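Subject: Handover of a structure

Dear colleague,

Please find the structure below, followed by an account of what was found in it.

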Protein chains: 2
Amino acid sequence: MPVKGKKGMPEPTLRRLTHYLHLLTHLRKKGITGISSPKIALELNLDATQVKKDIQYTEIIGRPKTGFDVDELIDSIKLCLDWNTHQDAFLVGVGNLGKAMLSYDFYYRYGLNIVSGFDIDEQLIGTYMHNIEILNVDTLVDLAGKLNVEIGVITCPASSAQAAADLLVAGGIKGIWNFAPRNLKVPDDVIVENAQFSQSLALLTRRLSEKRGTAD
Amino acid sequence: MPVKGKKGMPEPTLRRLTHYLHLLTHLRKKGITGISSPKIALELNLDATQVKKDIQYTEIIGRPKTGFDVDELIDSIKLCLDWNTHQDAFLVGVGNLGKAMLSYDFYYRYGLNIVSGFDIDEQLIGTYMHNIEILNVDTLVDLAGKLNVEIGVITCPASSAQAAADLLVAGGIKGIWNFAPRNLKVPDDVIVENAQFSQSLALLTRRLSEKRGTAD
């Protein structure tokens with residue numbers, strides 16, 4: 001099925017679309033059925049023109065005066081992010097973060113279905129966490145190919161992250177969601193999205209220090 | 001102590017600085033002592049001019065031909081991000097993600113010292129996780145003021161995120177690192193950095209779908 005929205009959406013737009021989605025989901029729970037883009041901007045303390053432009057990327061059509069139907073806008077954003085269908089994923093590294101990720105309902109929220117966890121720890125292999133089986137990492141390449149899994153989540157330590165990436169690539173994975181604080185080398189046709197905590201922490205601590213007026 | 005680097009560093013630069021830091025830390029472990037910006041660009045598959053510009057923001061001075069001293073560049077980036085001194089933080093919501101965060105060595109890596117976790121669960125209150133005590137959320141406002149804590153980490157569910165933010169703000173916290181999928185309302189002088197998994201997942205799944213050629 002073709003994915004909705006214009007190609008080449010800028011990164012800030014994609015990030016903001018997730019904020020709109022969080023807001024809209026919250027509004028829907030409260031029984032609100034319609035919203036305009038200036039109202040979204042006001043709620044999220046963003047520029048109204050910016051919000052309007054972001055939403056135009058999704059190619060949804062608003063109604064004059066009333067704005068957007070909340071359900072329609074949620075669907076429209078999800079279609080853009082390819083969250084409307086489910087996508088299978090493997091997770092490598094079932095340490096503290098890996099365990100937390102397996103407990104998180106990515107499937108319900110974003111369509112990401114973590115089908116198996118992989119580790120080298122004999123104590124973990126064969127166990128289940130939140131109904132997801134933990135398998136020996138030796139079986140990853142074979143299984144990824146058989147199940148046609150396209151997304152790999154790396155939650156292992158930095159020291160084994162490249163080895164995990166190599167296995168995922170050998171298994172035919174097309175996209176890696178990398179939480180390990182290590183830059184990965186992968187073939188050109190594999191997409192890596194670095195999701196380390198350090199990125200957002202850098203934004204927070206830098207802004208705090210600039211605000212304290214201690215930055216030059 | 002004044003923080004290094006020019007004011008108003010762009011968000012993409014700050015994000016990339018963390019990638020450089022991961023690479024440099026890795027190189028240092030391997031015994032490498034010097035690196036040039038074109039080499040960093042090559043290693044990370046980035047544009048060399050971009051890397052050069054990012055590094056100039058840190059105001060480090062390179063040496064002709066040899067480039068940068070790895071240790072100095074690491075220090076220079078850490079100074080920019082305010083990761084060279086330690087900063088105390090409170091964490092609210094000791095569920096799966098909260099537990100994983102408490103186990104993570106933010107202090108060693110980024111100078112962030114999580115001094116206490118807070119929850120409403122009687123079973124958790126009074127216990128220790130990775131040497132960090134879990135306290136009753138009722139004590140947060142008082143303690144934050146007494147300890148002069150400036151950073152709050154929100155890892156509770158979306159439904160209680162705003163209440164957690166309100167407590168942190170009442171306790172005088174200046175910056176919130178928000179992992180809950182909910183947009184927070186805070187006074188203008190409080191900085192919120194949204195670190196939800198959904199942001200990076202959106203980038204990954206959108207890029208994958210564009211690459212599959214299924215986007216319009």
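Is B:Tyr104 buried, partly exposed or exposed? At 23% relative accessibility, B:Tyr104 counts as partly exposed; buried means under 20% relative accessible area, exposed over 50%, and partly exposed in between, computed with a 1.4 Å probe on protein chains only.

Please note that this is a predicted model, in which local features need pLDDT of at least 70 and side-chain atom pairs count only at pLDDT 80 or more, while totals for chains, interfaces and linings use all residues. Residues are numbered from 1 along each chain as its sequence is written, chains are lettered from A and ligands numbered from 1 in the order in which they are written, and side-chain values use heavy atoms, with hydrogens and water left out.

Aromatic rings

A pair of aromatic rings is described by the distance of the centres and the angle of the planes. Rings of Phe, Tyr and Trp (its six-membered ring) pair if their centres lie within 6.5 Å; planes under 30 degrees apart count as stacked, over 60 as edge-to-face and the rest as tilted. Over all chains, the structure holds 20 aromatic pairs. One of them is the tilted pair of A:Phe106 and A:Tyr110, with 6.3 Å centre to centre and 40° between the planes. Both residues belong to helix H6 (residues 106-110) of chain A, where they are 4 residues apart, about one turn of the helix. Helices (H or I, at least four residues) and strands (E, at least two) are DSSP runs, numbered from the N terminus. A:Phe106 and A:Tyr110 are both buried.

B:Tyr104 takes part in an edge-to-face pair with A:Phe197, at 5.7 Å centre to centre and 80° between the planes. This pair crosses between chains: A:Phe197 lies in helix H9 (residues 197-211) of chain A, and B:Tyr104 in the loop between helix H5 (96-103) and helix H6 (106-110) of chain B. A:Phe197 has 7% relative accessibility and therefore counts as buried. Ring pairs also link A:Trp83, A:Tyr104, A:Phe106, A:Tyr110, A:Trp177, A:Phe179 and B:Phe197 into a cluster.

Helix packing

For the angles below, axes are lines fitted to C-alpha atoms, for helices over the stretch in contact, and angles run from 0 to 180 degrees between N-to-C directions. Angles under 35 degrees count as roughly parallel, over 145 as roughly antiparallel, 65 to 115 as roughly perpendicular and the rest as oblique.

Between the chains, helix H1 (residues 11-29) of chain A packs with helix H9 (residues 197-211) of chain B at an angle of about 120°, their axes being 9 Å apart. H1(A) is therefore oblique to H9(B). Residues that make the contact (heavy atoms within 4.5 Å) include A:Glu11, A:Leu14 and A:Arg15 of H1(A) and B:Ser198, B:Gln199 and B:Ala202 of H9(B). By class, this contact has 3 nonpolar, 5 polar and 4 charged residues. Here Ala, Val, Leu, Ile, Met, Phe, Trp, Tyr, Cys and Pro count as nonpolar, Asp, Glu, Lys and Arg as charged, and the others, Gly among them, as polar.

Within chain A, H1(A) also packs with helix H4 (residues 70-80), at an angle of about 150° and with the axes 10 Å apart. H1(A) and H4(A) are therefore roughly antiparallel to each other. Among the residues that meet are A:Leu17, A:Tyr20 and A:Leu21 in H1(A) and A:Val70, A:Asp71 and A:Leu73 in H4(A). The contact of H1(A) with H4(A) has 8 nonpolar, 1 polar and 3 charged residues.

Single residues

B:His22 is placed in helix H1 of chain B and, at 6% relative accessibility, counts as buried. Apart from neighbours within four places in sequence, B:His22 is in contact with A:Pro181, A:Arg182, A:Asn183, A:Gln196, A:Ser198 and B:Tyr110.

A:His130 has a positive phi, near 50°, and is found in the loop between strand S5 (128-129) and strand S6 (132-136) of chain A. With a relative accessible area of 47%, A:His130 is partly exposed. B:Asn45 has a positive phi of about 60° and lies in the loop between helix H2 (37-44) and H3 of chain B. B:Asn45 counts as exposed, at 65% relative accessibility.

Yours sincerely
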